[in-house]
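Hi,

Here is the structure I said I would pass on.

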Amino acid sequence: VDRHNFDVAAQLASIAPNASYALGIHPICVPAAREDDLVMLRARVQAALADPRFVAIGEIGLDFFIPALTEPAMREKQDHFFREQLRIARDFDLPVLMHVRRSQDQVLKHVRQVRPRGGIAHAFNGSFQQAQIYIDLGFKLGFGGAMTFTRALQIRRLAVQLPLEAIVLETDAPDISPSWVHPARNSPAQLPAIGAALAELRGIGLQAVAAQTWQNALAALPRLQSLLPAAL
């Protein structure tokens, strides 16, 4: 999420089974970020290409929900850092993991102009039309705990209406706990139950959801493929 945890992310991925990592400057960390952080990120990304566990640029994006981030100067700084990180992703042909909070159209504007190779729009909560634009630009859409609440009507409609080929499952642990955990701490262990919730919404089997969303994850993050056992 910022230059101070790049080393920690890589080290954790090296010791945790089945782990991979991304590098980026999160929009919530942009207020404290400096211009040379982008220079450092570019250098770290170039070096990390030799590490098969490194899979993406992220989490990057725009957050226009937190009041302190909506001041004009901070919106401009967010735009700048997001756009420059999209350029880094494009230059190294890497996918991006995107934080999109009350900023769908602005995020889409930058993505259309810079054109990274794709990635994941995390915790998707836009319109069907915006979803289609992301899909057309090569992105998958992340669905997780929010989808499990019956009051989340728009998210649940999208989870049913969008092509299953466009969806990846996620937890956003320790945040966005599913309905059966909320308000307690979320964890990746909830992913199978979140997949079951999606299967129930769509009226299909859990195995079909698991198989397709796994393939979608590999399509969104191609470097994951090198981490798989040969049998897979």
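Is Phe-54 buried or exposed? Before I get to that, please keep in mind that this is a predicted model. Phe-54 turns out to be buried, with a relative accessible area of 0%.

Let me start with the overall picture. The protein chain has 8 helices and 6 strands.

As for dimensions, the C-alpha trace spans about 50 × 45 × 35 Å along its principal axes. The radius of gyration of the protein chain is 17 Å, and because a compact globule of 232 residues would have a value near 17 Å, the two agree. Of those 232 residues, 46% count as buried. I also looked at contacts between residues at least 6 apart in sequence: 67% of them join residues at least 24 apart.

For charges, I get 23 positive and 21 negative side chains, with the centres of the two sets 3 Å apart.

Now for the aromatics, which bring us back to Phe-54. There are 3 aromatic pairs in the structure. In one of them, the ring centres of Tyr-21 and Phe-54 are 5.6 Å apart and the planes meet at 45°, so this pair counts as tilted. It connects distant parts of the chain, since Tyr-21 belongs to strand β1 (residues 21-23) and Phe-54 to strand β2 (residues 54-63), 33 residues apart. Tyr-21 is buried too, with a relative accessible area of 7%, against a cut-off of under 20% for buried.

Another pair is Phe-124 with Tyr-134: the centres lie 5.7 Å apart and the planes are at 85°, so this one is edge-to-face. Phe-124 sits in the loop between β4 (119-122) and α5 (128-136), while Tyr-134 is in helix α5, so the pair ties together parts 10 residues apart in sequence. Both Phe-124 and Tyr-134 are buried. Together with Phe-139, Phe-124 and Tyr-134 make up one aromatic cluster.

If you open the model, I'd go to Tyr-21 and Phe-54 to see the tilted pair, and then to Phe-124 and Tyr-134 for the edge-to-face one.

Cheers

Technical notes
Residues are numbered from 1 along each chain as its sequence is written. This is a predicted model: local features need pLDDT of at least 70, side-chain atom pairs count only at pLDDT 80 or more; totals for chains, interfaces and linings use all residues. Side-chain values use heavy atoms; hydrogens and water are left out. Helices (H or I, at least four residues) and strands (E, at least two) are DSSP runs, numbered from the N terminus. The radius of gyration is taken over C-alpha atoms; the globule rule is 2.2 Å times the number of residues to the power 0.38. Buried means under 20% relative accessible area, exposed over 50%, partly exposed in between (1.4 Å probe, protein chains only). Contact means heavy atoms within 4.5 Å. Lys and Arg count as positive and Asp and Glu as negative; His and the chain ends are not counted. The place of a charge is taken as NZ of Lys, CZ of Arg, CG of Asp or CD of Glu. Rings of Phe, Tyr and Trp (its six-membered ring) pair if their centres lie within 6.5 Å; planes under 30 degrees apart count as stacked, over 60 as edge-to-face and the rest as tilted.
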